[in-house]
Amino acid sequence: MTQAWPAHLFMAGCGNMAGQMLARWLACGLDPARVTVLRPSGRAVADGVQVVTDYPASLPAQAMVMLGMKPYQLDDVAVSLAPLCMADTRIVSILAGTPVADLRQRFPAVRDVIRAMPNLPVALGQGVTGLYADRDVSPAARSAVDAIIKPLGAAEWIEEEGQFNALTALSGCGPAFLFRFIDAFSRAGAAIGLSADQAARMALATVQGSANLAAQAEESPATLADRVASPGGMTREGLNVLDADDRLLNLLIDTLAAARDRGEEIARAR
């Protein structure tokens with residue numbers, strides 16, 4: 001199936017996450033001539049992509065606008081950008097803690113406003129992007145956003161915007177938590193006798209391979225864990241430590257809850 005790209009993509013900001021998304025899209029065939037990036041620094045983004053330091057006089061018809069700046073910059077951006085947005089403009093926001101209602105208030109002419117929360121593996125096409133759209137968003141806009149998210153990895157739509165901070169905590173913040181786990185896993189390997197370099201390589205390869213296996217398996221990760229563990233064997237002995245109480249699970253819940261709650265604090269502070 002041919003990849004469907006927006007007629008024109010206007011990016012307000014191109015920081016780390018937005019930049020990773022754009023790089024992946026370009027690698028997958030998005031014509032750089034279809035992209036304009038507003039960047040006050042004027043620093044180049046990629047070959048063929050137009051970078052502007054100020055707002056254009058107008059936006060092309062059926063443009064998709066991505067809001068990729070810092071959330072606190074929304075008011076300043078909206079003052080200049082909103083007058084350029086027409087009814088056929090589609091807005092995709094990756095601004096943390098910024099509800100659709102806040103976006104609609106600042107871009108009143110726009111019907112199709114969609115929140116998105118990608119995570120860093122989108123750069124490899126193996127990311128997860130959480131998505132939310134209210135009832136006013138057209139089916140065509142949903143399809144267009146689905147199409148542009150497809151090269152980035154999985155797209156997960158939620159029905160209630162109240163779930164967005166939980167979604168962000170799990171998939172948006174999740175890579176950082178997993179990086180911490182990989183680091184701890186490798187340090188644990190060094191602590192029981194391996195060299196630090198070898199333990200780091202083995203920990204990373206083990207996590208990568210196991211995640212790929214879990215993604216392809218029909219069984220749940222919990223079932224896979226038990227299949228690895230022979231009765232009375234080394235794996236079972238290690239799992240006995242993990243399974244002795246709920247400290248690990250409770251720590252994960254507390255970690256995600258802290259991230260979710262911070263998202264809600266950011267939203268209330270706006």
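## About the model

Residues are numbered from 1 along each chain as its sequence is written, and side-chain values use heavy atoms, with hydrogens and water left out. As the model is predicted, local features need pLDDT of at least 70 and side-chain atom pairs count only at pLDDT 80 or more, while totals for chains, interfaces and linings use all residues.

## Helices α5 and α6

Let's start with two helices. Helix α5 covers residues 164–172 and helix α6 covers residues 174–191; helices (H or I, at least four residues) and strands (E, at least two) are DSSP runs, numbered from the N terminus. The two pack at an angle of about 35°, with their axes 5 Å apart. Here axes are lines fitted to C-alpha atoms, for helices over the stretch in contact, and angles run from 0 to 180 degrees between N-to-C directions.

On the α5 side, the contact (heavy atoms within 4.5 Å) is made by Ala169, Leu170, Ser171 and Gly172. Gly174, Pro175 and Phe177 contribute from α6. By class, this contact has 4 nonpolar, 3 polar and no charged residues. Ala, Val, Leu, Ile, Met, Phe, Trp, Tyr, Cys and Pro count as nonpolar, Asp, Glu, Lys and Arg as charged, and the others, Gly among them, as polar.

## Strand residues

Now to strand β7 (residues 127–133), where you will find threonine 129. Threonine 129 is buried because its relative accessible area is 0%; buried means under 20%, exposed over 50%, and partly exposed in between (1.4 Å probe, protein chains only). Not counting residues up to four places away in sequence, threonine 129 touches several residues, including Ala116, Met117, Ile149 and Glu156.

Glutamate 156 sits in strand β8 (residues 153–157) and is partly exposed, with a relative accessible area of 45%. Apart from neighbours within four places in sequence, glutamate 156 is in contact with Val128, Thr129, Gly130, Leu131 and Leu167. Its C-alpha atom is 9.6 Å from that of methionine 117, 39 residues away along the chain.

Valine 92 belongs to strand β5 (residues 90–93) and counts as buried at 5% relative accessibility. Valine 92 and isoleucine 114 are 22 residues apart in sequence, yet 4.9 Å apart in space, C-alpha to C-alpha. Leaving aside neighbours within four places in sequence, the contacts of valine 92 include Met64, Met66, Ile114 and Val145.

## Leucine 242

Finally, leucine 242 is found in helix α9 (residues 234–242). At 46% relative accessibility, leucine 242 counts as partly exposed.
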